[in-house]
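Let's take a walk through this structure together, one piece at a time.

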Amino acid sequence: MTHGRTRFIIGFLAFPVLLYLVYVISPYAQAFYIAMTNWRGVNANPQFVGLENFRRLLDDAVFWKAVWHNLLLLILLPVGTITIALFFAYLLNVGGGGRGVGGIRGSGFYKVVFFFPQVLAVAIIAVLFQQVFRPDRGGMLNGPLMALGIEPIGFLSNPDIALWSVLGVLIWQAVGFYVVLFSAGMASIPKEMYEAAQIDGAGRAAMFFRVTLPLLWDTVQVGWVYLGIAALDVFAVVWVMTAEQGGPDHSTTVIAAEIYRNAFDYFKFGYASAMGVVLFFFTIGFAVLALRLSRRERIEY
Amino acid sequence: MTISRAEVRQARRVRLGPLSYLSHVALVVWTILVVVPLAWTFLASFKSEDEIFSGAWTFPAVPRFDNWARAWEQAHVGQYFLNSVIVVACSTFGTMLLGSMAAYVLSRYRFRGNRAIYLLFVSGLAFPVYLALTPLFFVVQNMGQLPLIGQFIGLNTHGGLILVYIAYSLPFTVFFLAAFFRTLPTAVAEAAFVDGASHTRVFFQIMLPMARPGIVSVTIFNVLGQWNQYQLPLVLLSGEARDKWVLTQGIASISTAAGYDADWSALFAALSMAILPMIIIYTVFQRQIQAGLTAGALK
């Protein structure tokens with residue numbers, strides 16, 4: 001059995017590991033170094049400048065706007081998505097009513113339709129909603145408003161509203177996935193739990209908070225981490241849908257968009273990499289924090 | 001005593017009262033929120049430009065199928081579509097082959113450095129891809145300088161994009177499949193070894209077929225993830241190589257770059273071309289796709 005074992009292990013691992021080192025590990029490692037250089041322009045000769053880029057980031061108002069938007073999304077995207085998804089998943093699986101517990105009629109249909117946005121590319125959805133939000137008679141939302149003689153809403157052109165439009169699109173896309181995820185979790189909760197609670201006189205709301213939520217906590221926690229990381233990685237919706245790619249007036253820009261803009265529009269490779277390093281620490285910090293804060297005693301059933 | 005189903009249902013409805021109806025209303029409202037933008041896009045794809053801008057909710061006087069023809073031909077959506085198919089077919093195949101090979105060795109063989117290599121792969125799950133973008137651009141550019149193979153894997157080539165897709169799909173694929181291989185029984189493989197089968201043969205003819213459910217889930221996950229990728233092609237396939245562009249990139253550029261003289265009817269047709277196949281494929285394989293996409297989160 002040991003015949004050719006070593007050769008087999010090396011043969012199977014060599015190519016995947018090589019590919020991974022070249023395309024994933026080496027860029028990440030280089031990024032930390034590039035972040036400490038003043039590399040500008042494709043053919044320039046970069047010099048080591050230490051933490052200079054990070055110092056400049058502190059004074060960069062646009063970057064701080066981007067950070068602030070990411071932090072807002074980091075809180076609002078999980079809260080909004082998880083609340084809506086839990087509500088629907090509960091209706092579809094438990095809150096159907098009647099004696100005992102069961103899903104609402106047609107729950108299969110809803111789960112299929114709610115999942116639609118999940119299979120579409122974010123870039124495609126961004127183009128689609130750019131048209132939905134159009135400020136003229138051709139806009140899906142503003143068209144009827146204008147027909148009624150109401151001023152059109154600047155979903156993407158009003159700096160006070162634009163970020164909410166971005167958030168709306170992100171939630172619109174995410175909800176279906178979490179309805180399905182939470183449904184799978186709820187399906188594994190034994191029916192006797194609910195029946196016992198019902199006999200004790202619990203209503204549907206009480207059942208949700210006393211039975212479903214505690215038993216589903218692990219899954220909710222996973223969803224929380226996923227959505228948080230998704231919020232830190234927002235790019236395509238902002239880049240494709242919003243005016244001036246992060247505007248108007250930087251009102252929707254996010255860190256990923258600033259990284260792309262600085263690297264591939266301005267060719268400030270060092271500066272963009274410094275932003276990437278900041279994003280990296282945000283992501284790691286969030287993941288650690290989320291897992292710490294939401295740690296609870298696991299309920300066995 | 002016998003009670004008909006209808007009577008039971010009637011009794012339930014009375015007991016539930018308005019709350020049950022409110023639940024249904026909430027579900028219907030979200031259904032509308034999901035379906036209407038998609039249906040509206042589809043409707044607009046058959047309208048003329050005048051019809052689109054004179055009223056968002058009017059029906060076309062006659063269905064303008066030529067919008068679809070223009071999007072497919074002049075806006076190059078046909079080309080982008082084909083490019084996406086080629087890239088995703090190759091990259092998903094490569095991801096599954098290399099990913100399952102690495103996952104199998106790492107999960108079923110003990111050797112020095114095993115744990116370190118496994119952690120190296122899994123650590124990739126935690127990194128934001130935006131950190132790597134700049135160096136990645138230069139890595140791919142440098143690969144293009146290699147003798148002989150360089151011209152196939154440099155910037156603005158499908159080969160380069162495919163290799164990058166594979167590399168960035170490995171962390172999840174290895175993580176998921178390694179966990180899956182660990183759950184498989186060892187008896188069958190041991191029996192095959194006794195019969196003199198080689199390690200390679202045991203992997204391809206015994207372990208891979210046994211791991212089929214896991215392979216299917218991750219394949220679906222990778223196909224969708226790579227098909228919907230936008231960021232990486234944006235960096236690696238520049239404006240000088242429009243004939244190489246993938247679907248997401250192509251359609252996004254129709255709307256961002258075109259400005260006022262954009263062909264809006266064709267844009268809606270292009271959007272419909274990107275959306276419809278996904279909705280149809282998803283509806284047919286919904287069980288597998290839902291399972292494939294949520295599998296990662298449930299592990």
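Phe267(A) is partly exposed, because 16 other C-beta atoms lie within 10 Å. This is a predicted model, so please read every value here as computed from that prediction. To find Phe267(A), look in the loop between H11 and helix H12 (269-293) of chain A. Its backbone is worth a look too: Phe267(A) has a positive phi of about 60 degrees, although it is not a glycine. Most residues other than glycine have a negative phi.

You will find Asp249(A) in the loop between helix H10 (236-241) and helix H11 (255-265) of chain A.

Now zoom out to the whole of chain A. It has 12 helices and zero strands, and its pattern along the sequence reads α-α-α-α-α-α-α-α-α-α-α-α. The radius of gyration of chain A is 24 Å, well over the 19 Å that the globule rule gives for 301 residues, so chain A is more spread out than a compact globule. Along its principal axes, the C-alpha trace of chain A spans about 80 × 75 × 35 Å. Of the 301 residues in chain A, 45% count as buried. Among the contacts in chain A with a separation of 6 or more, 67% are between residues 24 or more positions apart.

Let's move over to chain B, which has 16 helices and zero strands. Of its 299 residues, 43% count as buried. Looking at contacts in chain B between residues at least 6 apart in sequence, 72% join residues at least 24 apart. Chain B is divided into domain 1 (15-69) and domain 2 (76-262). The C-alpha centres of these two domains of chain B lie 36 Å apart.

For a contrast, find Leu237(B), in the loop between helix H13 (231-236) and helix H14 (247-258) of chain B. Leu237(B) counts as buried because it has 24 C-beta neighbours inside 10 Å, and the cut-off for being buried is 20 or more. Which residues does Leu237(B) contact, leaving aside its neighbours within four places in sequence? They are Asn156(B), Leu161(B), Lys244(B), Trp245(B) and Gln249(B). Leu237(B) and Phe204(B) are 33 residues apart in sequence, and their C-alpha atoms are 35 Å apart in space.

Next, see how the two chains meet. In the model, 76 residues of chain B are in contact with 81 residues of chain A. On the chain B side, the largest share comes from helix H2 (residues 18-44) of chain B, with 13 residues. The residues on this side of chain B divide into 54 nonpolar, 21 polar and one charged.

The largest nonpolar core has 174 residues. Those with the most contacts inside this core are Ala123(A), Ile124(A), Ala126(A), Val237(A), Val164(B), Ala270(B) and Leu271(B). Helix H9 (residues 158-183) of chain B gives the most to the core, with 17 residues. The core also draws at least three residues from each of domain 1 (15-69) and domain 2 (76-262) of chain B.

Finally, how confident is the predictor? It gives the complex an ipTM of 0.85 and a pTM of 0.86. Chain B averages a pLDDT of 83, and 90% of the residues score at least 70. Within chain B, confidence is highest in helix H5 (residues 77-108), at a mean of 92, and lowest in helix H1 (residues 5-16), at 50. Over residues 11-15 of chain B, pLDDT stays under 50, and the model has two contacts beyond four places in sequence for that stretch.

Notes:
Residues are numbered from 1 along each chain as its sequence is written. Chains are lettered from A and ligands numbered from 1 in the order in which they are written. This is a predicted model: local features need pLDDT of at least 70, side-chain atom pairs count only at pLDDT 80 or more; totals for chains, interfaces and linings use all residues. A nonpolar core is a set of buried Ala, Val, Leu, Ile, Met, Phe, Trp, Tyr and Cys residues joined through C-beta atoms within 7 Å. A residue is buried if 20 or more other C-beta atoms lie within 10 Å of its own, exposed if 12 or fewer, and partly exposed in between; C-beta atoms are placed from the backbone. Helices (H or I, at least four residues) and strands (E, at least two) are DSSP runs, numbered from the N terminus. Domain bounds come from an automatic or database domain assignment. Two residues are in contact if their C-beta atoms, placed from the backbone, lie within 7 Å. Ala, Val, Leu, Ile, Met, Phe, Trp, Tyr, Cys and Pro count as nonpolar, Asp, Glu, Lys and Arg as charged, and the others, Gly among them, as polar. pLDDT is the predictor's confidence in each residue, from 0 to 100. The radius of gyration is taken over C-alpha atoms; the globule rule is 2.2 Å times the number of residues to the power 0.38.
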